[in-house]
Amino acid sequence: MPRILLVEDNEMNRDMLSRRLVRKGFEVALAVDGHEGVAMAAAGGFDLILMDMSLPEIDGWEATRLVREAEAGAGTHVPIIALTAHAMSGDREKAMAAGCDDYDTKPVELDRLLGKIQALLVSPA
Amino acid sequence: MSGLFTPEAVAELRHELRTPLNLIIGYGEMLLEDATDDERRSALERTLSAGRDLLGLINAAVPPSRGEITAPEFEALRASLREPHARILAATSELLTEEHADGDAEFDRDVRRVRSAAERLMTVELPQGGGASRLAFTVEHPTLEHTSEHGAAPVANILVVDDQEDNRAVLDRRLRRQGHTVECASGGHAALARLRAAPFDLVLLDVLMPDLDGLAVLERLKADPATRDIPVIMISALDDVASVVRCIERGAEDHLPKPFDPVLLRARIGACLEKKRLRDVELEYLREVERVIQAAKAVEAGTYASGDLAEVSHRGDELGRLARVFDAMADHVRAREARLKDQVEALRREIATVTAAAQPDGPREAPTLPSGAVLADRYEIHEEIGSGGMGMVYRALDRQLNEQVAIKTLRAETLADPGVLERFKSEIRLARHISSKHVVRTHDIGEHRGVYYLTMEYVEGITVRSLLDTRGKLGVAPTLAIASQLAQSLAAAHEQGVIHRDIKPQNLLLDATGVLKVMDFGVARLQGHQTHLTEVGTLVGTPSYMAPEQLLSENFDERADLFSMGVVLFECLTGRLPFEGTTIVSIIAHLMRDEAPAPSSLNRDVPADVSALVLRLLSKDPGARPASAAEVVRLLSGLG
């Protein structure tokens, strides 16, 4: 059963998306901000990270960079999908530049997101 | 105000709009996956359909490629969102009101989340200010969440009354973001209980509620004096004119239709609170004015306690200053009254010791009017009570008014000149206008068989002359009692333009309680004509009390009375005149030439400030004397 780390500060978003993923057969761990996300990612054991970009303290881009820095030492790579409600052109490039493997917008279209998750789980970037 | 908003602001705006949509669609889809019965599925499908319409509208208005939006564009977007938003509210209402025997708490909770997300969507605002302020906006207010707070709207304690939890939650969040403190009540009875328990600045009141509806709550609020002044804004989905009229007629400040426009809500609340603030300020001001008025009445009644105005005197404005000045003044007046009372009491004791031995003033002459004579069919002469430079004084009965009067006859020769008589009459008329309890009232002037006479108030008492003749000199306190009453008398006369011209101990009457009354206002005019130095041969009596300028010319003013007062006080304190002589000429020479000795040098009991004031009154130059009798009143109030 794939384990997903969901980093999301909005309680209802966390509740909604995690429940929907659990229904689809994933095991979901939750982090409420960037610091917690980075710490949990470093502890390991996840197959994929869903990272909201609008986080308090350190935002999703910064958190992604920190996760990638930590991995560079350990030689690992967990795929990260950036989530954003901004939906601005250029967001995708920005997310990729920060070290994300893919990008999706809110409101989440679950089927589309699941497709991206499956793609990354099958063939890690 | 069609300012452009920056790409950062637009990104945040998009985030603000899409986040609730994410919840509407996410929860909606999840609920639909679980839903088995058709009614639920139908309502959820309508919810999702409305949610996707919302997304379409938002994407069309702010597509990912756009970095800008104008305020009118945003307003148009917001207006377009209302219809799908209303569909979500309607569909989710069905989901919440349908009967579920199984008590599906999680289902209800998720539906409510959809509803509250939809409400939140409608509260999204553009940052305040346009392009000009966008730099400050992007630096200091990086998210929309925070930008909606700024602006200097008044902050208040608001009660939100709505039976719908979502509505309460939305308003609660919205208002808190604007800096208000918010309490919520879920029904009419709960609202009334809250309002009785704590003060609120504003009530937002839903009209349709199951237990006690908004209109009933409004009526009760407005009927109770304790809550009458709290403004109420009614909130209702009933947007028809009749409904609005009903609310306003029952005393609501305003009415807002649901779903409410957040900008409108904010503006109306701001206006409401400002109106209330102004009314509160006005009411408080009127209350404090009333306190000052009450305090003034209390001072008059002698029941004022200093500090009664403490609540008002902390104010920083004119009223506060007035209260502080008033407080200090009231203290001062009380202290002065207490002093004056002591002084008059001392004077009264002096009077009591001499009244038994008192003799009529001046040399005896043969009475012009025999006892029992009746003047003008009205005044019945009882006895002769004195004589002065101008004639005799009698006690008489006014038969018309059945009261005692004093009658003073005037020597025929003084009125020989008809011009003098006319001037005298007009002076007497003027003197009658003086309103002071320290003036012997002059009633009338008449003629009886060639004898002119004045009728006056009869005062049973003695003159200061008698007092001095018997006691030699008076103490400081009795002298100050005479001084302050004499000064008040002169102030009242001078205010009417009347100069006494002949202030001397013979003209100062004291009754048994120590009240001083000055006689012969206006009378000295008759003498004055004859008494200046150029006609010294016809001087009547002594010039000892006259001001130098009065002796030299007709051109003098009311300050001459102040000089005379100084002589009287000098005599009271020292038992002698400031300018002594054995002949009139030597007295006048001293008076014109020499400085008076300090009373304190002749009587060690006289305090320096009292002595100094007497010397100021005795200044040769009128300009060196206190400027007026009123000024002397003021100076005396600071002594003793």
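Chain A has five helices and five strands. Keep in mind that this is a predicted model. Follow chain A along its sequence and you read β-α-β-α-β-α-β-α-β-α. So much for the order of elements.

How is chain A packed? It has 125 residues, and 42% of them count as buried. Now take contacts in chain A between residues at least 6 apart in sequence. Of these, 58% join residues at least 24 apart.

Next, the place where the two chains meet. How many residues of chain A are in contact with chain B? The count is 17 from chain A, and they touch 17 residues of chain B. Look for helix α1 of chain A, residues 11-23. Helix α1 gives the most to this side of chain A, with six residues. What kinds of residue make up the side of chain A that touches chain B? Nine are nonpolar, five are polar and three are charged.

Over to chain B, and its sheet. Five strands form an open sheet with parallel pairing. The order across the sheet is β2-β1-β3-β4-β5. Which strands stand at the edges? They are β2, residues 181-185, and β5, residues 254-257. Each has a single partner strand, so one side of each is left without a neighbour in the sheet. Neighbouring strands are turned by 20° against each other on average, direction ignored.

What holds strands together in general? Strands of a sheet pair through backbone hydrogen bonds, either parallel or antiparallel.

Zoom in on one pair. Strand β3 of chain B covers residues 202-206, and strand β4 of chain B covers 232-236. The two pair in the parallel sense over four bridges. Find B:Leu204 on your screen. Opposite B:Leu204 stands B:Ile233, in β4(B).

Last stop: two helices of chain B. Helix α2 spans residues 38-61, and helix α3 spans residues 71-97. Their axes come within 8 Å and cross at roughly 170°. Why call α2(B) and α3(B) roughly antiparallel? Because their crossing angle is over 145 degrees, the cut-off for that term.

Who makes the contact? From α2(B), the residues include B:Ala43, B:Ala50, B:Leu54 and B:Leu57. B:Arg40, B:Arg46 and B:Asp53 also take part from α2(B). On the α3(B) side, the list includes B:Leu77, B:Leu81, B:Pro84, B:Ile88 and B:Leu95. B:Glu73, B:Arg87 and B:Glu94 of α3(B) belong to the contact too. Sort the residues of this contact by type, and you get eleven nonpolar, four polar and six charged.

Definitions and conventions:
Residues numbered from 1 in each chain as written. Chains lettered and ligands numbered in written order. Predicted model: local features only at pLDDT ≥ 70, side-chain atom pairs only at ≥ 80, totals over all residues. Axes fitted to C-alpha atoms, helices over the stretch in contact; angles between N-to-C directions. Parallel < 35°, antiparallel > 145°, perpendicular 65-115°, else oblique. Contact = placed C-beta atoms within 7 Å. Nonpolar A, V, L, I, M, F, W, Y, C, P; charged D, E, K, R; others polar. Pairing = 2+ DSSP bridges. Buried ≥ 20, exposed ≤ 12 C-beta atoms within 10 Å, placed from the backbone.
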